[in-house]
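I opened this notebook to keep a record of what I looked up, one topic to an entry.

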Amino acid sequence: MDVALEIEGVSHTFVAEGNGTPVRALDGIDLRLAPGEFFSVIGPSGCGKSTLLEIVAGLTQPTAGRVVFDGREILGEVPDGVGMVFQEDASFPWLSVWDNVAFGLRRRGTDAAETKRRVDYALQFVGLADFARHHPRQLSGGMRQRVCIARTLVLEPRLILLDEPFGALDQQTRLVMGEELLRLWRETGATVLLITHGLDEAAMLSDRIGVMSARPGRFIETLITGWPRDRDSQVVNERHFGELTAQMWTHLRAESMRSIGT
Amino acid sequence: MSRRFDGVLFTLAVLLLWELLYRVVGSSGLSSPLATLGAVVHLLSSASFWKNVSATAEAFAFAVAFSLLGGLAIGLVLGLSRFAGDVFDPILNALTAIPKITLYPVILLFFGLGMEAKVAFGTIHGIFPVIILTMNGVRNIRPVVRKAARAMRLTPAQTIRTVLLPAALPEIVSGMRIGVSLALLGTLIGELFASDRGIGFMLIQSVEHSDVPTTMAITVLLFAVAVIGGIAMLRIDRRLHQGG
């Protein structure tokens, strides 16, 4: 099969500061994503999900293993065509919403007319067209996160890395944003790697779901959802949706308890 | 409106106190507000005053330029490199704490009497707050902001210009505000102690000649310039801290 992203035997250990013991965050992660696949990673808190994403983005160098994107190994630099949305608010407070979204395009030297077209479309897409002239401090946490999503999407990445992007949003907005994300994913044909702690989010959005163990994180199960490509949030009514979340929870219950206990 | 009124009231109170003090102390120690005003007018219309002003202004301008540019560059480097920052942080704090007047004889030995010594002395006063606040400003940028810059594949130059400097700007401007005030202080102190021209030199000469009205007039003028400049810079500073 065609491979868009290949993660091979990736392990990561955080070096201890001072007299602390080193922390093993990831333990032998293997994963292959097909082009255009939507893959979600779900796992207990602190299992190394975010670390995995940073390694894929080239922001963190893994202790062992390698990541290959579009046939090239990722080495300490974010490769072209990869867009990342962080868990925390990464909007730039000194820029307006519009300038935040236009930021990446301007640095690339995209011409003004094209920048305007793409920025306006991206703001429309995340429902912030009316807030273009506002500054991030005037927006709610969820709206700021949507600014960051727009700022990443506007660069039209082929691989989109999302680190719990909807964590700050309320449940209804999450479902709607999820639906919008599905629409975008269908339109662009991008490959998506989503980190989430929402069972419903993973079950609704993904083609496949990787369930991670407590630290050190590794995949204990991979589920195939079997949804059609033109799915939307109404899959929550399907019986299979309930089965998927139940399967995830079966695996995660013990792991989550283990992660809280330690 | 009421704040402007407060200012007027405060000025009147100071003038009144000044007049009273003058009546107690007498003209050998203090000149009256009116006599001082006369001396101010006399100064402002004399050519030698403006020659001294331009000498001070020139030294001050160089001291400010070196303090701001040098402080920005050094602060940026120290802020970006965790190791360098950790090494230099205590050294910088120690250097800030020493009374720099003790270094003046050394500076005079180095540069001799004149412009260079004054500029150097102004700069060693002005540069430290700029270094320290720029360094802290860069260090306090949230890691996710720097990660976002990397994720958008910015070059190092782009990262500094379009992310790090704007993100740290409010603190950098605070440092510059303090740096400018201290550079003026340093320049004037330099002129007071060893110099052959400039406002500080004029001031110390008028003291030596027991020319009380001129001494007072220069002091009042310096005070006015410092207050007006300080308020202007504080306004910019406040606006940046509120906005972003």
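I take helices (H or I, at least four residues) and strands (E, at least two) as DSSP runs, numbered from the N terminus. I am working on a predicted model, in which local features need pLDDT of at least 70 and side-chain atom pairs count only at pLDDT 80 or more, while totals for chains, interfaces and linings use all residues. Residues are numbered from 1 along each chain as its sequence is written, and chains are lettered from A and ligands numbered from 1 in the order in which they are written.

Entry on helix 9 of chain B. I looked up which residues of helix 9 (residues 199-208) are buried (20 or more other C-beta atoms within 10 Å of the residue's own, against 12 or fewer for exposed and partly exposed in between, with C-beta atoms placed from the backbone). I found I199(B), G200(B), F201(B), M202(B), L203(B) and S206(B) to be buried. These buried residues pack against helix 3 (47-80), helix 8 and helix 10 (212-242) of chain B. After helix 9 of chain B comes S210(B), with a positive phi near 55°, although S210(B) is not a glycine. I placed S210(B) in the loop between helix 9 and helix 10 of chain B, and I note that S210(B) is exposed, with 9 other C-beta atoms within 10 Å.

Is R153(B) buried, exposed or partly exposed? R153(B) counts as partly exposed, because 18 C-beta neighbours fall inside 10 Å.

Entry on the two chains. Taking two residues as in contact if their C-beta atoms, placed from the backbone, lie within 7 Å, I recorded 15 residues of chain B in contact with 15 residues of chain A. On the side of chain B that touches chain A, helix 7 (143-151) and helix 8 (156-193) of chain B each supply at least two residues, and the largest share, six residues, comes from helix 7 of chain B.

Entry on the domains of chain A. Using bounds that come from an automatic or database domain assignment, I find chain A divided into domain 1 (5-81 + 157-261) and domain 2 (90-156). The C-alpha centres of these two domains of chain A lie 25 Å apart, and the contact takes eight residues from domain 1 and nine residues from domain 2 of chain A.

Entry on a sheet of chain A. Counting two strands as paired if DSSP finds at least two bridges between them, I read an open sheet of four strands in the order 2-1-4-5 (chain A), with antiparallel pairing. Strand 2 (23-33) and strand 5 (72-73) of chain A each have a single partner strand, so one side of each is left without a neighbour in the sheet. Strand 5 of chain A pairs with strand 4 (residues 64-69) of chain A in the antiparallel sense over two bridges, and I noted E73(A) in strand 5 as the bridge partner of V68(A).

Entry on two loops of chain A. The peptide bond from R215(A) to P216(A) is cis, with omega near -5°, and P216(A) has its place in the loop between strand 9 (208-212) and strand 10 (219-224) of chain A. H135(A) lies in the loop between helix 3 (112-125) and helix 4 (141-153) of chain A. H135(A) is partly exposed, with 18 other C-beta atoms within 10 Å.
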